[in-house]
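Hello,

Here is the structure I said I would pass on. Please look at it first, then read my notes below.

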Amino acid sequence: MNPWSIESVIMNAKAMAERNGFELLPGEYSQIKITASRLPYGKDVTIVRLSDWASVELYFTGYEQAKTELDALAKGKK
């Protein structure tokens with residue numbers, strides 16, 4: 001894989017984590033640990049541990065999509 005594309009995946013994953021109130025920390029056995037840094041989860045609560053940056057990016061893509069759909073659903077019920 002191209003090192004520039006790996007770097008862009010890492011930068012995108014970090015930006016998505018920050019935008020959604022999560023922190024990315026190194027975990028055991030070269031895993032990436034996603035922890036919550038604000039409500040509704042609390043402070044320093046481990047959400048998930050993933051083994052590669054592409055999975056982290058995919059996790060946040062799904063998280064943002066679900067958040068968008070739930071917001072739209074909530075607006076539709078008002």
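Start with Tyr59, which is partly exposed at a relative accessible area of 27%. Buried here means under 20% relative accessible area, exposed over 50%, and partly exposed in between (1.4 Å probe, protein chains only). The model is predicted, so local features need pLDDT of at least 70 and side-chain atom pairs pLDDT 80 or more, while totals for chains, interfaces and linings use all residues. Residues are numbered from 1 along each chain as its sequence is written, and side-chain values use heavy atoms, without hydrogens and water.

The ring of Tyr59 pairs edge-to-face with that of Phe60, with centres 5.4 Å apart and planes at 80°. Rings of Phe, Tyr and Trp (its six-membered ring) pair if their centres lie within 6.5 Å; planes under 30 degrees apart are stacked, over 60 edge-to-face, and the rest tilted. The count comes to 3 aromatic pairs. Another of them, Phe22 with Phe60, is tilted, at 5.6 Å centre to centre and 45° between the planes. This pair joins strand β1 (residues 22-26) to helix α2 across 38 residues. Ring pairs link Phe22, Tyr59, Phe60 and Tyr63 into a cluster.

Is Phe60 buried or exposed? Phe60 is buried, with a relative accessible area of 0%, and Phe22 is buried too, at 5%. Both belong to the largest nonpolar core, which has 10 residues. Such a core is a set of buried Ala, Val, Leu, Ile, Met, Phe, Trp, Tyr and Cys residues joined through side-chain atoms within 4.5 Å.

Regards

Terms used
Helix = DSSP H or I, 4+ residues; strand = E, 2+ residues; numbered from the N terminus.
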